[in-house]
Amino acid sequence: MIVVFCCAASAQEATGHVHAVIISGGKNKLMNHERYWNDCAFLYRTLREDYQFSKQDITLLISDGGEAGRDMLLADGSGFVTSPADLDGDGERDVWLPATLEQVDATLTELASKLTTNDRLFLFMIDHGDSEDDLRESYAFMWGGGRLYDTHLAQLLDAFQVASMSLCLGMCHSGGFIDDLQRENRIIATSCASNEDSWACRDKPYDEFVYQWTCAVAGHDPEGHAIDADTDGDGQISMAEAFNYAYQHDRREETPQYSSTPATLGEQWSLVQTPRNGIGGTRIEKSDFANCRFYDLQGRLIPKPSGTVRKTIKKLNAKQSFGLSPIIIVKP
């Protein structure tokens, strides 16, 4: 008997295209740490290389917008440099927009007018943050010192008529954003509670929570060492799995926070970019992987690439001419 499998998409993935927004305010060059740039670059490479996002699918607002001035404090504190405008090392400039309050306002407002109910939004922000207890408000510092308050970000996001959105916030006091940002069909992960600071890694120039979170969704660390956060074995990393991995591996004095409305949304939502339709099938178990034979949609045998189940499926999907997973034949 021959059993036919394929890697079927979840219902949430089929809802539409994902657009990512990455924001790193930095406040000013004295406060704009090198680790912020590293956090953004790691995530950008993950979206581009692991999830096949096009550059048009990612909006970047980072410190001074890639200008020539020395806007970034080196991790060892030895001085200031110009933060690279090329995040993925392909020789092309990626950063064009500054993360000023005015530009963030304008960019999110324009983007809200373009995305539709068939789209999904992913927003990532790393920055300095603080709170005003008397106003019960948290905020993030934008480039130039402007403050993006939780209530103001809520207004900007409410203008989006997308199917759903997921937010990952890495600032100090970022947990204080949750009460104002919670909405139906929205997932929020923060590095710390409303009354806490967030912290850098002790052993590498990244921020602890967002480093662990990005390792989870990437399936590897920045050096390429494998990370397995796929606890349900479906070959994809959900927002719930990414948060759980980051929470469990966070090594600093912070308490990451999580919200998903409805509660099951975070278990369904992933950064997988291309919606898939048509063929359904049974999930591939890791124990079956060594016995799998891979065929494309035309029935031709495909050599099995090296790597994990997830990475193998991803590589094969990228080669398909249709938005479908490859067929996998397992012979008993």
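What percentage of the 332 residues of the protein count as buried? After that, where does T82 lie, and which residues does T82 touch beyond those up to four places away in sequence?

Modeller: The model is a predicted one. Of the protein's 332 residues, 55% count as buried. The protein contains 8 helices and 15 strands. Among its contacts with a separation of 6 or more, 70% are between residues 24 or more positions apart. The accessible surface amounts to about 14400 Å², and carbon and sulfur atoms contribute 50% of that area.

Turning to the residue in question, T82 is found in the loop that runs between strand 5 (80–81) and helix 2 (101–114). T82 has a relative accessible area of 33%; because this value falls between the limits of 20% for buried and 50% for exposed, T82 is classed as partly exposed.

Leaving aside residues up to four places away in sequence, T82 touches E67, A68, G69, R70 and D71. One of these, G69, is 13 residues from T82 along the chain, and the C-alpha atoms of the two are separated by 5.7 Å. The side chain of T82 also has polar atoms placed by the backbone of this segment: a polar atom of that side chain lies 2.8 Å from the backbone oxygen of A68. For G69, the corresponding distance from its backbone oxygen to a polar atom of the T82 side chain is 3.2 Å.

How values were computed. Residues numbered from 1 in each chain as written. Predicted model: local features only at pLDDT ≥ 70, side-chain atom pairs only at ≥ 80, totals over all residues. Heavy atoms only, no water. Helix = DSSP H or I, 4+ residues; strand = E, 2+ residues; numbered from the N terminus. Buried < 20%, exposed > 50% of the residue type's maximum accessible area, 1.4 Å probe, protein only. Contact = heavy atoms within 4.5 Å. Polar contact = N/O pair within 3.5 Å; in protein donor to acceptor, adjacent residues only side chain to side chain. Areas by Shrake-Rupley, 256 points an atom, 1.4 Å probe, with all protein chains shown as cover.
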